[in-house]
Amino acid sequence: MAEMTYLQAISDGLRTEMRRDRRVFVLGEDVGVYGGAFKVTLGFQEEFGSWRVIDTPLSETAIMAGATGAALMGMRPVAEMQFADFVSCAWDHLVTVAAKQRWRAGTPVPFVLRLPSGGGFSGGPFHSQNPESSFAHIPGLKCVCPATPEDAKGLIIAAIEDPNPVLFFEHKHLYRRIKGEVPEERYTVPIGKARIHREGTDVSVITWGAMVYTAEEAASQVDASVEIVDLRSVMPWDKQAVLESVRKTSKVLVLHEDTRSGGFGGEIAATIAEEAFEDLDAPVRRITAPDTPVPFSPVLEKAFIPQVEDVARGLRELVDY
Amino acid sequence: MRSAVAIARLAEPSGSLQEVKEWGLDREDLLQIYRNMLITRGVEERGHILYRQGKIPGSFYTGRGNEAAAVGVAMAMGPDDVGTPLHRDMGVHITRGVEPWRIFAQYMGRADGPTRGRDGNVHMADVRLGLIAMVSHLPAMLPVAVGAALAFRIREERRVAVGWSGEGAMSRGDAHEGMNFAGVRRLPVVFICDNNQWAYSTPTHLEYAIDHLADRAAAYGFDGVVVDGTDVLAVYREARRAIEKARDGGGPTLIECQTLRMEGHAVHDDAFYVPKELFERWAERDPLERYRTWLREHADLNDAEEEEMTGQVKRLLNEALQRAEESPQPDPADLHDGVYASPEDLDTPHHK
């Protein structure tokens, strides 16, 4: 085991696969000489050369379509959007081409798209979003959202191994803030399996990404036994793990950093209502960002992103229900 | 006012038999080209009949007028090259060896079509024949072809990708991003622009403000060529040059094939907005008729040979139609299969 930041764990997983499998290559804006805007691929070009660590023009469409074409020809591209927000420029290739190609034409498109996402540092409306629910809605795409360094490494390797287009949402606010023990050898974490971040019996929090830590802090402030289910991936998502936790605690809070309407929490809440209604002792509670763009000012952003005190209040209300 | 300066090279028309032989085509190849063009047109003509019989769901699209451009380019591709043909490029599928009965099954949404009823019309491809299935968002396939070329370049394979678009698709950002990336990296890709003069009902003067779309190649740092898209041998020669240049590390080429879309955008469109005289003028340059005349004048195509060939094509298509009509409807129970790929799906020639 070695102590790594969340960011180092992603780099380590990616480097492990590039050393192991010559089909794996990286492409994106500033990923080569500069090592990526967040330095996830720092030193990669020196090690793997400029044809496996490809600095592209500022062209998200060409990046995503290029990854699609190369994947169809047997490569294992790992593309980077400099910020997850810029994936809007690559939407067509993800949704129209890559997502549907296996189903309609029988040809798999095995690539990974890395998406530095999330807010908390005044990135404003175009450098802070969490667009996972938009893509979880598209049949054919997988969406992974690790919260811990260990999961980040195991899931990036699993994503590269996966025969499908996998969107890897890496939360920027976790990059250097979160450290943990990470196995040095190669391993995978299964896509679609949740992890119980904290066991409890009174109330369940279903969440993923940076909100796992917000939930953890909130849980330590309330006088109740809180179970935190870290989904780790939202498509496919571990319905079984969620239902098991709900059946155990009978009270559930769904928490995400994405905005509320159409956020993936709605799907989780609906599933709980359909399949575990009789087990509930309180209405399913959602805590999410409001339905606005992500604001720039620290004061406004604090009002936008669910805070520890918001979650703690929600937990207390559920416990008292 | 358009620029008076020609940037792209204007290709010569096809020449004598001797010249054609120098490009590597023997007489059998020349007859094969004609056969492929006849099959291409025959498939689409029979598609019209199937449509009128109510056997094709949705709409129906053809590439009438584009047969020479499609077949000419496909003949110039090597066996390991790949391409992303669009809905006017049936001749590419035929030349690469897709069996007509599977195309009819595709038209009718049957279980034996390449997409098993999951997608319609020419939204299909056989990856084993080096083709990648198009999507409706037409220029989307250009940067996908660039990605295929990127794979070849990374692996240092002597393979070339061919990306197709129409002149309409050239207005979208995908075309720009794909060509720019390909130019920057000198990737082994050839861009074919079938300029059929109409993007649905929109004429070229409302689509672009330069003389030739191939002129844009200069802005991406590679060569542009304008060729008469009704002259199959000229198309073949230019495509062959561009493909071999790309194979040798010379980077991309943009080839603009000038044609006219001889029917509406799709079967529901009677193309009332296209001047009648334009249709009449281009009908005189019908690609099949032009090539037939060339074969008779330069390659001694005689009546008996021609009769034999048209008879063969007719039998092929009749049998294909019958086989396609016998193909079952897809099973709704299978709808969920294959939304996600499984590891066994990677057991294809391209993933080995």
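Student: What counts as a helix or a strand here?
Tutor: Both are DSSP runs, numbered from the N terminus. A strand is a run of E with at least two residues.

Student: How many helices and strands does chain B have?
Tutor: This is a predicted model. In chain B, 97% of residues reach a pLDDT of 70 or more, and the mean is 95. Chain B has 11 helices and eight strands.

Student: Why does the radius of gyration of chain B agree with a compact globule?
Tutor: Chain B has 352 residues. A compact globule with 352 residues would have a radius near 20 Å. The value for chain B agrees, because chain B has 20 Å.

Student: What share of the residues of chain B count as buried?
Tutor: Buried takes 20 or more other C-beta atoms within 10 Å of a residue's own. Of the 352 residues of chain B, the share that counts as buried is 54%.

Student: Which residues of chain A is Val146(B) in contact with?
Tutor: Leave aside neighbours within four places in sequence. Within chain B, the contacts of Val146(B) include Phe181(B), Leu187(B) and Val189(B). In chain A, they are Ala62(A), Ala65(A), Gly66(A) and Gly69(A).

Student: Which element supplies the largest share of the side of chain B that touches chain A?
Tutor: Here 37 residues of chain B are in contact with 34 residues of chain A. Helix 6 and helix 7 (173–184) of chain B each give two or more residues to that side of chain B. The largest share is 10 residues, and it comes from helix 6 of chain B.

Student: How many nonpolar residues does the side of chain B that touches chain A have?
Tutor: Sort that side by class.

Student: How many residues does the contact take from domain 2 of chain A?
Tutor: The assignment for chain A gives domain 1 (2–182) and domain 2 (195–320). Their centres, taken over C-alpha atoms, are 26 Å apart. Domain 1 of chain A puts 25 residues into the contact. From domain 2 of chain A, the number is 22.

Key
Residues are numbered from 1 along each chain as its sequence is written. Chains are lettered from A and ligands numbered from 1 in the order in which they are written. This is a predicted model: local features need pLDDT of at least 70, side-chain atom pairs count only at pLDDT 80 or more; totals for chains, interfaces and linings use all residues. pLDDT is the predictor's confidence in each residue, from 0 to 100. Two residues are in contact if their C-beta atoms, placed from the backbone, lie within 7 Å. Helices (H or I, at least four residues) and strands (E, at least two) are DSSP runs, numbered from the N terminus. Ala, Val, Leu, Ile, Met, Phe, Trp, Tyr, Cys and Pro count as nonpolar, Asp, Glu, Lys and Arg as charged, and the others, Gly among them, as polar. The radius of gyration is taken over C-alpha atoms; the globule rule is 2.2 Å times the number of residues to the power 0.38. A residue is buried if 20 or more other C-beta atoms lie within 10 Å of its own, exposed if 12 or fewer, and partly exposed in between; C-beta atoms are placed from the backbone. Domain bounds come from an automatic or database domain assignment.
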